[in-house]
Amino acid sequence: MTVHSPPEVTEKNNLDFPEFLEKKLQACDDELFKPRKNGKPLVIGSVTPGAGAIMLQSNDYLNIASHPFIREAQLKVLQKAGNEPVMSAVFLHEGSDKYFFEQEMAEFAGFESSILCQSGWAANVGLIQVIADQSTPIYIDFFTHMSLWEGVKISGATPYAFRHNDPVHLERLINERGQGIILLDSLYSTNGDIAPLVDIIDIANRYDCISVVDESHSLGTHGLHGAGLVASLGLTDKVHFITASLAKAFAGRAGIIICSNKFARYYPYMAFPAIFSSALLSYEIAGLRATLEVIKKDDFRRIKLEENAEFFRDGLRRLGYNISSQSQVVALEGGLESDTELLRDALEERGVFGSVFMSPATPKTRSLMRFSVHSGLEKSELQKVLDVCAVIRDEIGMWNWKSTRRKKSE
Ligand SMILES: Cc1ncc(COP(=O)(O)O)c(C=O)c1O
């Protein structure tokens with residue numbers, strides 16, 4: 001075989017794009033970069049977190065990302081001799097590490113089976129692609145995660161959005177359109193409120209609809225030993241599918257679909273993310289198996305998380321902020337992007353870092369700063385954040401935010 005040496009590269013690739021792409025990039029510049037004081041998108045601040053900064057951005061709610069037991073489990077596999085196959089999960093047999101983890105996750109949630117996916121995004125998109133087609137009405141809570149909306153788009157089905165957490169509206173839509181699939185999050189990732197699961201699943205069963213509950217923000221944190229909200233409400237045998245990102249309480253890079261044996265048998269051969277995208281590597285799966293053990297055992301982390309979240313929500317409410325959260329996900333809704341920018345800067349200048357959510361994650365006029373509370377935080381740190389939130393109220397115009405006025409008029 002002759003190996004030709006490539007010509008020497010004198011200039012780095014900087015090819016011009018045709019106008020249709022240039023236009024799109026320009027629109028991003030005009031809408032996201034230029035309106036901001038620092039010339040960066042709103043989600044990026046101007047301050048780099050220094051020593052002593054309080055970080056409320058990570059979704060590692062149980063504070064286990066660097067747990068030695070989990071690290072050791074990963075290292076053991078990494079240090080094992082030999083190459084591992086790098087390929088789609090569709091080629092894996094029973095008896096693989098993936099298979100054992102799937103069995104453990106199914107048992108954890110009280111289901112027959114589960115399917116390990118590369119991410120929560122892949123899980124949701126793959127699932128909806130498989131279960132829906134153009135003829136299936138999809139009833140979807142307006143605030144359901146974008147990955148489920150994307151699955152609907154890919155399936156070609158028509159989405160009928162019901163008002164957030166409004167079972168009455170859902171039932172009205174089903175009466176109009178007929179049997180279909182209901183999609184919702186158990187705990188909403190923008191403002192931390194919890195779905196009326198009992199009512200919605202009751203409707204799903206009465207109308208013989210399929211139900212899909214995304215438990216990304218409640219699996220591991222809620223329910224007995226972290227088994228999730230569906231389990232804690234006694235709904236396990238009434239829900240068809242639970243999905244979750246394992247990049248939240250599980251602090252990994254994966255997703256899961258929890259389901260029946262029957263469905264799990266078909267999924268790998270029907271879902272495009274399972275067929276056309278490679279499986280997780282074995283050290284990642286070893287890490288997830290160890291993580292599940294920690295999650296089941298360490299009730300103290302859930303107790304501390306709940307205490308921290310309650311302390312923080314109550315403190316913010318006492319300061320006059322309109323907090324709709326019922327969980328560890330707590331948001332301050334600046335509303336207009338210019339108000340959220342002011343809020344972000346005021347917090348970051350004082351060493352408090354959260355995550356800005358804006359369009360397309362929220363409606364354009366309901367941008368917000370999300371704080372993810374975790375179990376490793378001390379009350380003194382949360383109190384420091386509360387003190388900052390107290391001091392900045394006038395400077396950021398909190399009293400005039402739409403969300404504040406909404407609360408007053410309730
Ligand atoms: C509710 C919900 N579902 C799905 C996902 C996607 O998960 P992943 O980051 O693992 O792709 C997320 C992550 O943002 C989420 O919050």
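This is a predicted model: local features need pLDDT of at least 70, side-chain atom pairs count only at pLDDT 80 or more; totals for chains, interfaces and linings use all residues.
1. The radius of gyration used here is taken over C-alpha atoms, and the globule rule is 2.2 Å times the number of residues to the power 0.38. For 410 residues a compact globule would have a radius of gyration near 22 Å; the chain has 23 Å, which agrees.

2. Overall dimensions and packing. The C-alpha trace of the chain spans about 70 × 65 × 50 Å along its principal axes. Of the 410 residues in the chain, 44% are buried. Among contacts between residues at least 6 apart in sequence, 74% join residues at least 24 apart.

3. Secondary structure. The chain contains 15 helices and twelve strands.

4. Surroundings of the ligand. The ligand is surrounded by 14 residues, and the closest are Ser119, Gly120, Trp121, His145 and Ser245. Helix α4, which covers residues 120-131, supplies the largest share of this shell, with three residues. By residue class, the shell around the ligand divides into ten polar, two charged and two nonpolar residues.

5. A cis peptide bond. The bond from Ser359 to Pro360 is cis, and its omega is near 10°. Pro360 lies in the loop that runs between β11 (355-357) and β12 (367-372).

6. Positive phi at His225. This residue is not a glycine, yet its phi is positive, at about 50°. His225 is located in the loop between β6 (210-214) and α8 (229-232). Is His225 buried or exposed, or does it fall in between? A residue is buried if 20 or more other C-beta atoms lie within 10 Å of its own and exposed if 12 or fewer do. His225 has 13 C-beta neighbours inside 10 Å and therefore counts as partly exposed.

7. Positive phi at Ala251. Ala251 is likewise not a glycine and has a positive phi of about 50°. Its place is in the loop between β7 (241-245) and β8 (255-259). Ala251 is buried, because 24 other C-beta atoms lie within 10 Å.

Methods:
Residues are numbered from 1 along each chain as its sequence is written. Helices (H or I, at least four residues) and strands (E, at least two) are DSSP runs, numbered from the N terminus. Two residues are in contact if their C-beta atoms, placed from the backbone, lie within 7 Å. A residue is near a molecule or strand if its C-beta atom, placed from the backbone, lies within 6 Å of it. Ala, Val, Leu, Ile, Met, Phe, Trp, Tyr, Cys and Pro count as nonpolar, Asp, Glu, Lys and Arg as charged, and the others, Gly among them, as polar.
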